[in-house]
Amino acid sequence: MAKILEDISRTFSEYLLLPNLTTEQCIPTNVSLKTPLTKFKKGEEPKYSLNIPFVSAIMQSVSGEKMAIALAREGGLSFIFGSQSIESQAEMVRNVKKHKAGFVRSDSNVKTGTKLKDVVELVKRTGHSTVTITDDGTARGRLLGLVTDKDYRISKADLDDEINKYMTPIEKLVCAKKGITLSEANDIIWENKINCLPIVDDEGRLAYLVFRKDYEERKNNPNSLLDAEKRYIVGAGINTRDYETRIPALVEAGVDVLCIDSSDGYSVWQKNTIDFVRAKYGNDVKIGAGNVVDAEGFRYLAEAGADFIKVGVGGGSICITREQKGIGRGQASALIDVVNARNEYFKETGIYIPVCSDGGIVHDYHITLALAFGADFVMMGRYFARFDESPTRVVKMGNNYVKEYWGEGSNRAKNWQRYDLGEDKEKLSFEEGVDSYIPYAGPLKDNMQVTISKIKSTMCNCGSITIEELHQKARLTLVSNISIQEGSAHDVILKELDKKL
Ligand code: MZP
């Protein structure tokens, strides 16, 4: 007879943290969010740690090279999506490793003759006030001029004017040649009292922009996740089908950490993939596996040699696996079970395997709950897809801006390998994910700062200044429906609502 678990499958919103004694040391500036990414032996240091417990989801609509750079700059990590050709994924990894901090690819470019109103719209959408004018309107076109929001007064200008009327033409621009160092670029910026220095190649094609403010920021960004050569650390998603060719290409491109991307990680194909890595690279190449939802799945992947293990089936915001197939587990229950198994495994073997909670983070406080339950870091899709740095378009809907966000199990992504059960098929026979919109939220940095402050503040309430301490000290309670209502504003007339009435 089938085994029926006694416990109900529960999720984050059903729990709350209880405060612990907050001592003098428990202030946000003392909180460290550093956390292990790959497994390590008791008393040793992991090969890779994160400076903040965030990784971005292995998804087309989330983790491209721009996201990887922005997130590593803040101390987290992206796994570049694997549902693309081996060549293009390896190219993205190479670009992240090649990226020179401080040299940015311009994301606001127009063709000569573009109307001022279209430039104003572009500036509003990207939040970036510097726009380049190139012969083909792309970031790699021949540079013809530069315009910033200080070059036109919207209230006085005719919005139907061509942008050429306002731009500083190339003849009058201070530019530098590709190949100069960041500190040389910075010297030119100071000597010429400019805010932005375009870097061009020998044919006059735009390569990068260097901004005065970025240089200052880089100096003040000690949290960035860097390798020994000061390049950003980057991950990549792989599947259990083409790993014999994909992994060597990614390793050759300089990837730091791999992660098998699958909706169901409790499978022999994951073990085969890890075996391949160990046979070819020993322990030099780090590889995470998943997703699992219970102690059995964890133990299987731990014994197969995974460097970290991801938890979560069916909880993703774009996921319809539970509806389509009736399989999965509430994210809190899954995490509790897996973390217990991880702790047992650590006691038994002295090997600590970091656990990643993947999917289902709706509110910032869910991240703190995931960490309190014992996760070492979280993987998020929807959270990151909202930002400028995700690879998708910003779309205007009514008076609001939204971004597109689609699941890897949707027909749009066609990531059949993620749902692969070993049969020879090249497409999805049914969808496990949806194609959707989410509210556009602006730059990653600004949003993440708020999230991080909330996490640090809650950790202080829980008397913890490290994630390890939170794992040990956190106390959580189940909540009733009525007490959930009590937790938001109630029995008052909100002023914002009052205005609308
Ligand atoms: P979320 O942060 O949007 O709630 O969830 C992101 C996670 O959902 C991903 O990291 C991945 O594990 C999972 N995912 C991605 N695509 C699908 C799908 O199409 C999915 N069903 O479930």
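Strand β14 is covered on both faces: G235 and G237 on one side, and A236 and I238 on the other, are all buried. Here, a residue is buried if 20 or more other C-beta atoms lie within 10 Å of its own, exposed if 12 or fewer, and partly exposed in between, with C-beta atoms placed from the backbone. Helices (H or I, at least four residues) and strands (E, at least two) are DSSP runs, numbered from the N terminus. Please keep in mind that this is a predicted model, in which local features need pLDDT of at least 70, side-chain atom pairs count only at pLDDT 80 or more, and totals for chains, interfaces and linings use all residues. Residues are numbered from 1 along each chain as its sequence is written.

**The barrel around β14**

- Eight strands close into a barrel with parallel pairing, in the order β5-β6-β14-β15-β16-β17-β19-β20; from one strand to the next, the twist averages 25 degrees.
- Two strands pair if DSSP finds at least two bridges between them.
- On one side, β14 pairs in the parallel sense with strand β6 (residues 77-80) over two bridges, and I80 has A236 of β14 as its bridge partner.
- Strand β14 (residues 235-238) is also joined by four bridges to strand β15 (residues 257-260), and the two run parallel.

**Helices to look at**

- Helix α10 (residues 331-349) lies across β16 (286-292), β17 (308-311) and β19 (355-358), and runs at about 170 degrees to β19.
- For such angles, axes are lines fitted to C-alpha atoms, for helices over the stretch in contact, and the angles run from 0 to 180 degrees between N-to-C directions.
- Helix α11 (residues 364-372) is largely enclosed by the rest of the structure, because seven of its nine residues are buried.
- Those buried residues of α11 are H366, I367, T368, L369, A370, L371 and A372.

**The open sheet**

- Four strands form an open sheet of mixed pairing, in the order β7-β8-β9-β10.
- β7 (109-111) and β10 (168-169) stand at the edges with a single partner strand each, so one side of each is left without a neighbour in the sheet.
- β7 runs parallel to strand β8 (residues 131-134), joined to it by three bridges; V110 has I133 of β8 as its bridge partner.

**Around the ligand**

- Of the 23 residues around the ligand, G316, G381, G407, G409 and G433 come nearest; a residue counts as near if its C-beta atom, placed from the backbone, lies within 6 Å of the molecule.
- β20 (377-380) and α12 (382-385) are the elements that give two or more residues to this shell.
- The shell divides into eight nonpolar, eleven polar and four charged residues.
- In this grouping Ala, Val, Leu, Ile, Met, Phe, Trp, Tyr, Cys and Pro count as nonpolar, Asp, Glu, Lys and Arg as charged, and the others, Gly among them, as polar.

**The chain as a whole**

- The chain has 16 helices and 24 strands, and 42% of its 501 residues count as buried.
- Its C-alpha trace spans about 80 × 65 × 50 Å along the principal axes.
- Among contacts in the chain with a separation of 6 or more, 63% come from residues 24 or more positions apart; two residues are in contact if their C-beta atoms, placed from the backbone, lie within 7 Å.
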